[in-house]
Amino acid sequence: MTCENKATSDVRENLPSALRRLTTADEVESTVGLPASAVMLKQISALDEGCRTVLARCPIAAFGYRDSEGTSRTTFIGGTPGFVRVHSPTRISFSLPEPGDPHGPVSFFFLLPGVGEILRVNGSVAARKGAETTVDIAEAYVHCAQAVLRSRLWQPPAPAESVAPASPVAPAASAAEFAGDGPLSRPGVAEFLAAAPFLALSTWDGSGGSDTSPRGDRQEVARILDGRTLVVPDRKGNKRADTLHNLLADDRLSFAALVPGRTGVLHVRGRGAITDDPALLETMALRGMPPHLALLIDVEHAEVTGSDAVARSRLWTPGAHVDRGTVPDLMALAGEHLAAGSATAEGGPPAFLLKAVGAIPGMARLLRLVMNRAYRSGLRKEGYEDVEPGAGGGRRRGFLRRLPADDGGTGAGATERPLREVRIAELRRETPSAVTLVLEDAGKDLEPFDFRPGQFFTLVADIDGRPVRRAYSASSAPGSARLEVTVKHVEGGRFSTHVHRSLRAGDRLAVRGPSGSFHAGPQLPDAPDAPDAPDEIVLVAAGSGVTPMMSMIRSRLAVRPGRDRIALLYSSRSAEEIIFADELTRLAKDNPDRLTVTHVLTSLDGRLDADGVRRWVTGLSPAPGAHYYTCGPGPLMDAVQGVLTGLGVPDERVHQEHYTSGADTQAVAATAPQEMTVEEDGRPVGTVVVEPGQTLLDAGLAAGLPMPYSCTVGNCGDCMVRLRGGEVTQNEPNCLTPQQKADGYVLTCVGCPLSKVTLDIADQ
């Protein structure tokens, strides 16, 4: 056993009562010291223009709150820049996708990828409606970059196989050492802690205040002492010591930890104490320099979960760091806050002098150089090496080394197709249970929506703070600046209920697509005489299955005048449930030689079966080269397929659209993080950790792996890969055939690993 290991072992044997604790503010201040007056003057009571600019560019924040039962919680919120809505200088709102109901004082810190300094905001909950939380702001200020620098938070993550399992100076206890006893023995917790260099720590004082502050350290920031005890070193900082003073008044705390390169978050809550025990501090020394204090945490709950906010933020992918010039230098912003605070404070530096100095050309750059030198000097005195402060301003100016611009085509920028933000221009009621969304680009420039008639788009909406995705066929003709999708309400359907009950004209969504091989003819503006556009099409639909047929009908009648023939057999429950009833009647009347529509009302005529389909098809006398398209419930499509096979129609002229709702039926996912290795033709491409509840596709994309995909909801099959090893569970139903499943294929967009898995993305 090494000396370091023996010291840690000796400390564990004496936990928890033998360690000395600090219990008074005098004891804390005698060790930490008192902050300089300028540190306290940097607080402002409302968001100024600089703060609002930071919030507009910030994709993620740490958030600390207590729920209605007084349980402390810390989490990460956001996912895209501008996720916080600023209603006034003293009021903001955001979505909190958690069951916890925040009450009372809350606190945040906002992270700009690639930037060391952090914007901290404290306030209290003003209102809560669904997932939307409104907060009144009490104070805001800039936090120094030391926690980020210590943790190397924005450093490119090391390959999975090269990540050390624990710090060389104070090895974390392995899961086996306390298996089955204590919250730290839960699946994946010890392994996550061993790799986590950064966390957000939330505490509360005794007078209605909250504080969430960053903690960073080289290797693991929180170290396991036994199955329910953690220790977090408290190294030198700005001497505000908010966390330490809060714990003297209220020992309840929570934190959320990050591992660069992973999209999961470790959530911990418990009770904290402050210790200056020399033996314990010595185990956390760097180059002979121990921290001046440490936090002991008696852990009550610990759990690793997937985080939508971290995954969507793409914090560690190429191009994620903010661009120079789009945000203020946070040290310069802190200087502005200091000048504002000095204007109303006694004994501080004169406000006019600070403003005058700040207005000198080049002063912000000089201040940055001075602060970088101070960061470097201070951290080296604490035992840190290889500190690279840089400019702290983001891309090409960031204080940490960035990924190379050429990432071999595996970066997220090369693999992930961007979502297209759209606004709802109109909602048109088609039937009591179906509504058409008319969508156009959210910006000033309205680009056309090009697709093949019959294809679908994936709609993405934030529902209760989480992105929810569903696939809907376009019902409009391609080539227009407006895209129409028709959504039928499904009882218990989360997305369709949101569309029918919550969406209004002007609301925004995102779309991805088009997707799918179910289409008739080329997309506009291709030539309408292309050979893949058959002259005669026969359409069979039921219910909302008419939506892709409507796109085919509209586009063909518009671009192939007088040349083709279209026949539609459409089954609806009743006359009032016929989607597009009036338009179908008008189009058939205006084009009697080209379009015929036959309705079946199941409430009057009974369910459409094989005999009914056969009579209708034979009565049409279709041309030998006609193509057949069907969309509706599985039994109807099976009946149509059987009829057409019996009539000798070749399979290549029969097309079916299989509607699935895999995203509505969640598969049983693993409760522990699982490792996924991605190969291409047997060649390793990368390894990533899939967090509990996360899909294989989301984990791969977040890590910048070249994952194939299109719809992301299990409908199109573009993400189908072969499972080379391990076990995967998938949402059902999905578009995989029984034979594809038997051959070992899985859909990464709806698949979750139950064990360590290996996928081959080339074997599709």
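Student: Which strands does helix α14 lie across?
Tutor: In this predicted model, where local features need pLDDT of at least 70 and side-chain atom pairs pLDDT 80 or more, totals for chains, interfaces and linings use all residues. Residues are numbered from 1 along each chain as its sequence is written, and side-chain values use heavy atoms, without hydrogens or water. Helix α14 (residues 494-501) lies across β16 (420-431), β17 (434-441), β18, β19 and β20. Helices (H or I, at least four residues) and strands (E, at least two) are DSSP runs, numbered from the N terminus.

Student: How do you know the angle between α14 and β18?
Tutor: Axes are lines fitted to C-alpha atoms, for helices over the stretch in contact (heavy atoms within 4.5 Å). Angles run from 0 to 180 degrees between N-to-C directions. On that scale α14 runs at about 75° to β18.

Student: What makes β19 and β20 edge strands?
Tutor: The open sheet has 6 strands in the order β19-β18-β21-β16-β17-β20, with antiparallel pairing. Strands β19 (466-473) and β20 (483-488) each pair on one side only. The twist averages 40° from one strand to the next.

Student: How do you know that β18 and β21 pair?
Tutor: Two strands pair if DSSP finds at least two bridges between them. Here 4 bridges join β18 (residues 456-463) to β21 (residues 508-515). The count meets the cut-off, so the strands pair. They run antiparallel, and Val-460 stands opposite Ala-510 in β21.

Student: What sets the bond between Gly-513 and Pro-514 apart?
Tutor: It is a cis peptide bond, with omega of about 10°. Most peptide bonds are trans. Pro-514 sits in strand β21.

Student: Why is Arg-314 called buried?
Tutor: Buried means under 20% relative accessible area, exposed over 50%, partly exposed in between (1.4 Å probe, protein chains only). Arg-314 has 17%, so it counts as buried. Its phi is positive, about 50°, although it is not a glycine. Arg-314 lies in the loop between α9 (308-313) and α10 (330-342).

Student: Why is the pair of Phe-518 and Tyr-629 edge-to-face?
Tutor: Rings of Phe, Tyr and Trp (its six-membered ring) pair if their centres lie within 6.5 Å; planes under 30 degrees apart are stacked, over 60 edge-to-face, the rest tilted. The centres of Phe-518 and Tyr-629 are 5.7 Å apart and the planes stand at 80°, so the pair is edge-to-face. Phe-518 lies in the loop between β21 and β22 (536-542), and Tyr-629 in strand β25 (residues 627-631), 111 residues apart. Both residues are buried.

Student: How many aromatic pairs does the structure hold?
Tutor: It holds 11. One of them joins Phe-94 and Phe-108: 5.4 Å centre to centre, 85° between the planes, edge-to-face. Phe-94 is in β5 (residues 91-95) and Phe-108 in β6 (residues 103-111), so the pair ties together parts 14 residues apart in sequence. Ring pairs link Phe-63, Tyr-65, Phe-83, Phe-94, Phe-108 and Phe-110 into a cluster.

Student: How do you know that the charged end of Arg-420 sits over the ring of Phe-449?
Tutor: NZ of Lys or CZ of Arg must be within 6 Å of the ring centre and within 35 degrees of the ring normal. The charged end of Arg-420 is 3.8 Å from the centre of the Phe-449 ring and sits over it.
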